[in-house]
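Trainee: Could you walk me through this model?
Mentor: Gladly; have a look at it first, and then ask away.

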Amino acid sequence: MVTIYDVPADDLIEAVAARLEDRIDEPDWVEFAKTGAGKELPPEQDDFWYVRSASLLRKVAQNEPIGIERLATEYGSKKRGSNRYVVRPPEHEGGSRNLIRTALQALEEEGLVTTASGEGRRLSDEGEAFLSEVATEVFEDLDRPELERYA
């Protein structure tokens with residue numbers, strides 16, 4: 001059985017994002033929201049919401065139980081004053097907690113993630129089956145000889 005650790009992360013996230021487009025709805029405000037305090041502009045990708053949701057689903061599967069604060073740290077960036085002018089030494093700024101929380105709530109409504117009281121979010125059984133199914137498809141589509149030993 002193929003797991004999320006057997007396939008490259010970018011291929012898995014891309015495939016999961018394509019599947020999530022049919023399952024979850026994108027909020028209206030996403031096109032205007034920044035991804036964190038260290039950013040000046042919102043992302044330019046058309047499918048940003050689904051890619052971030054897929055990435056969050058993968059992170060929850062790898063590090064469960066995990067909370068919003070730790071996820072915000074992982075999705076953060078360096079803030080150096082402004083994107084145009086470097087006016088101070090870099091300082092880490094966290095990612096958007098609202099964006100992360102809303103994506104996790106959408107995944108929870110779909111039944112892919114559950115809330116463990118006092119611990120954070122965990123992957124549900126349905127979410128684990130979903131990720132394994134997508135990972136299997138991605139693995140079959142890959143034409144990379146170095147991954148053949150995992151088959």
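Trainee: How many Å does helix H5 reach from its first C-alpha to its last?
Mentor: Helices (H or I, at least four residues) and strands (E, at least two) are DSSP runs, numbered from the N terminus. The expected span of a helix is 1.5 Å times one less than its number of residues. H5 covers residues 125-141, 17 residues, with 24 Å expected at 1.5 Å a residue. From first C-alpha to last, H5 comes close to that and reaches 25 Å.

Trainee: What should I know about the model and its numbering?
Mentor: This is a predicted model, in which local features need pLDDT of at least 70, side-chain atom pairs count only at pLDDT 80 or more, and totals for chains, interfaces and linings use all residues. Residues are numbered from 1 along each chain as its sequence is written, and side-chain values use heavy atoms, with hydrogens and water left out.

Trainee: Which elements do the buried residues of H5 pack against?
Mentor: Buried means under 20% relative accessible area, exposed over 50%, and partly exposed in between (1.4 Å probe, protein chains only). The buried residues of H5 include Phe130, Leu131, Val134 and Val138. With contact meaning heavy atoms within 4.5 Å, the buried residues of H5 pack against helix H1 (9-23), helix H2 (48-63) and strand E4 (120-123).

Trainee: Which residue stands opposite glycine 120 in E4?
Mentor: Two strands pair if DSSP finds at least two bridges between them. Strand E3 (residues 113-116) and E4 run antiparallel and are joined by four bridges. They form a hairpin with three residues between them, and glycine 118 in the turn has a positive phi of about 80°. Opposite glycine 120 stands alanine 116.

Trainee: Is arginine 121 buried or exposed?
Mentor: Arginine 121 lies in strand E4. Its relative accessible area is 12%, so arginine 121 is buried.

Trainee: Which side chain is joined to arginine 121 by a polar contact of 3.3 Å?
Mentor: A polar contact is a pair of N or O atoms within 3.5 Å; within protein, one must be able to donate a hydrogen and the other to accept it, and residues adjacent in sequence count only if both atoms are side-chain atoms. A polar contact of 3.5 Å joins the side chains of arginine 121 and threonine 115. The one of 3.3 Å joins arginine 121 to the side chain of glutamate 108.

Trainee: At roughly what angle do the axes of H2 and helix H4 cross?
Mentor: Axes are lines fitted to C-alpha atoms, for helices over the stretch in contact, and angles run from 0 to 180 degrees between N-to-C directions. The axes of H2 and H4 (residues 97-109) come within 10 Å and cross at roughly 75°. That makes the two helices roughly perpendicular, a word for 65 to 115 degrees (under 35 is roughly parallel, over 145 roughly antiparallel, the rest oblique). Among the residues making the contact are Trp49 of H2 and Leu107 of H4, and the angle to remember is roughly 75°.

Trainee: How many of the 16 residues of H2 are buried?
Mentor: The end C-alpha atoms of H2 are 22 Å apart, which agrees with the span its 16 residues should have. H2 is mostly covered, and its buried residues number 13.

Trainee: How far apart in space are glycine 76 and leucine 107, C-alpha to C-alpha?
Mentor: Glycine 76 is found in the loop between helix H3 (68-74) and strand E1 (77-81). In sequence, glycine 76 and leucine 107 are 31 residues apart. In space, C-alpha to C-alpha, they are apart by 21 Å.
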